[in-house]
Structures are given as C-alpha cells and as structure tokens.
Amino acid sequence: MRNIRTPLLTLIISLLILASYLIYTSKLDKVEKKNEFEIEIIKSEEWGALKPKCTYDKNPYISAIIIHHTATSNTYEDAKQVIRSIQSYHMYTRGWCDIGYHFIIDKDGKIYEGRPIWAVGAHVKGHNIGNIGVALLGNYDEAKPNEKQLKALINLLTWLCIKYNIPIENIKGHKDYNPATKCPGKYLYEKLDEIKKLVEENIKRLEPNKLNFTINSQNSPNIITKLKPLNTNNF
Ligand SMILES: [Zn+2]
C-alpha cells in the first residue's frame, strides 16, 4: 500500500506545482501584453515608391531628428498617392535620389517609410548627415496637427531616440536650422516643446534595455517594436 501511495502523492504534488506555474506564467504574459503595443511602419514598397534613381550616401552616425511638414493639402483622401507625388517632386523637380524624408506621418497617424534610415536624407540644407527627417503630411501653418498624428509622432520619436541614443535636445524643427522656412508650420512648431517633454517622459518610463527591436527589412531598421503605453493625454 505504501509503495503505491508515495508515487501517486508525488505525481499529484508535481501536477499541482506545474498547474500553479502555468497559471503564474500565463498571468505574467497577460500583464506584459496589456502593457505593450506595436509601432507599425508602412514600408516604401507598400505605398508604391519608385526605386531611388542614384546611390545614397550612407549616414556615418545618427544623432538628430528634424520635424517637418510637407506643406501639402490637409484635405487629402489617399495618403499613399500624396506621398508618391512628393517622391516624384523630390526626384524629378528637385533632382534628389529619392523622397527627401525618412518618415512621413499621415492624418490617421499612419507612419510611412521614406528613404532608408541609413541613407543621408535630403530635408535640411547643410545638415542632412546624421539627421533623420520626419514629416507630417499636410500644412501645419494652416491647420493644427490632430491627436492621432501627434501620438504617432511621439511613438516614432521615442523609438528613434531609444534605438539610436539620440538626445532629446537634438529633436528640432526645420526652421531651427533655417529661419527662412515656415516648416514645420506654426501649429506644429508650437507643440515641439510639449512633444519633446512627452518623449523624454516616455523614455524614462520605458525600460529601453528590455525592449525588443525586430529588424525585418534589409534596408531599414523598422518595423516592429513593442513599447509600453505612452502618456499622450495632453493632446
Ligand atoms: Zn521642412
């Protein structure tokens, strides 16, 4: 009798330990997932980008970000079409290799990949090396950027600052480099300090070492990363 009971007891205890372990880890998993979300970047192939018409110069480092607006209409329906026309203008009227910006954010907060991040941009005269160009699609001298766009912008900036160790003070508006331009428009420019403050708060709250960056493109360090929710209640 004793010989049968002992293994049975051992089995029951083992099963109980296993069950509590599974419950514990599944709870952890739920908590973790609840506190995460993804940044999704629409790749250039997905918006129908033309191939670059020349070889890019490579960024020897990445140390700053410039915020722009595209100064195009605010009433567009098809963001991809507008981005294609900007690319065409940059390539065939301005004579650049590709669209000048690295990222474009539309009015729905969707983020589009411009030229690859490792390539030197064409968005700020004399300061392109190491400087990432992020443009909000529309004219923010005429309209205020909406909440979705600002949240997407803050997410993107948070990710870029963490990934490339870019200091917050190196996030600037185009007109900080070139006072003659209105870019990124007065309504976006007046938000810059608030945007930078929120990005800084996010970086402090996040645990950058634990973030999982997934590289799923040969040409860009996009696309998916998981970050904890951001404090964007102010918008
Ligand atoms: Zn600009």
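**Helix 3 on the sheet**

I started with helix 3 (147–164), which lies across strand 3, strand 4, strand 5, strand 6 and strand 7. Its direction is about 170 degrees to strand 6. I took axes as lines fitted to C-alpha atoms, for helices over the stretch in contact, with angles from 0 to 180 degrees between N-to-C directions. Helices (H or I, at least four residues) and strands (E, at least two) are DSSP runs, numbered from the N terminus. I note that this is a predicted model: local features need pLDDT of at least 70, side-chain atom pairs count only at pLDDT 80 or more, and totals for chains, interfaces and linings use all residues. Residues are numbered from 1 along each chain as its sequence is written.

I traced an open sheet of 6 strands in the order 2-5-4-6-3-7, with mixed pairing. Strand 2 (41–42) and strand 7 (171–173) are the edges, each pairing on one side only. Strands pair here if DSSP finds at least two bridges between them. I then went through three of the pairs.

- Strand 3 (residues 64–69) and strand 6 are parallel over 6 bridges; His68 has Ala135 as its bridge partner.
- Strand 4 (residues 103–105) and strand 6 are parallel over 3 bridges; Ile105 stands opposite Leu136.
- Strand 3 and strand 7 are parallel over 3 bridges; Ile65 has Ile171 as its bridge partner.

**Strand 6**

Is strand 6 enclosed or open? I found 6 of the 6 residues of strand 6 (residues 131–136) buried, so the strand is largely enclosed by the rest of the structure. Buried means 20 or more other C-beta atoms within 10 Å of a residue's own, exposed 12 or fewer, and partly exposed in between, with C-beta atoms placed from the backbone. Asn131, Gly133 and Ala135 cover one side, and Ile132, Val134 and Leu136 the other. In the whole protein, 34% of the 235 residues are buried.

**The core**

I looked up the largest nonpolar core and got 41 residues. Such a core is a set of buried Ala, Val, Leu, Ile, Met, Phe, Trp, Tyr and Cys residues joined through C-beta atoms within 7 Å. Ile65, Val134, Leu153, Leu156 and Leu157 have the most contacts inside the core. Helix 3 gives the largest share, 10 residues. I checked Leu156: it touches Ile39, Phe103, Ile111 and Val134, not counting residues up to four places away in sequence. Contact means C-beta atoms, placed from the backbone, within 7 Å.

**Helix 3 against helix 6**

I read an angle of about 55 degrees between helix 3 and helix 6, with their axes 9 Å apart. The two are therefore oblique to each other; under 35 degrees is roughly parallel, over 145 roughly antiparallel, 65 to 115 roughly perpendicular, and the rest oblique. Contact residues include Leu150, Leu153 and Leu157 of helix 3 and Ile195, Leu198 and Val199 of helix 6.

Which peptide bond is cis? I found Cys183 to Pro184, with omega near 10 degrees. Pro184 is in the loop between helix 4 (174–177) and helix 5.

I also noted positive phi in non-glycine residues. Ala71 has about 60 degrees, in the loop between strand 3 and helix 2. Ala71 is partly exposed, with 18 other C-beta atoms within 10 Å. Asn165 has phi near 55 degrees, in the loop between helix 3 and strand 7. Asn165 counts as exposed, with 10 C-beta neighbours inside 10 Å.

Technical notes
Contact = placed C-beta atoms within 7 Å.
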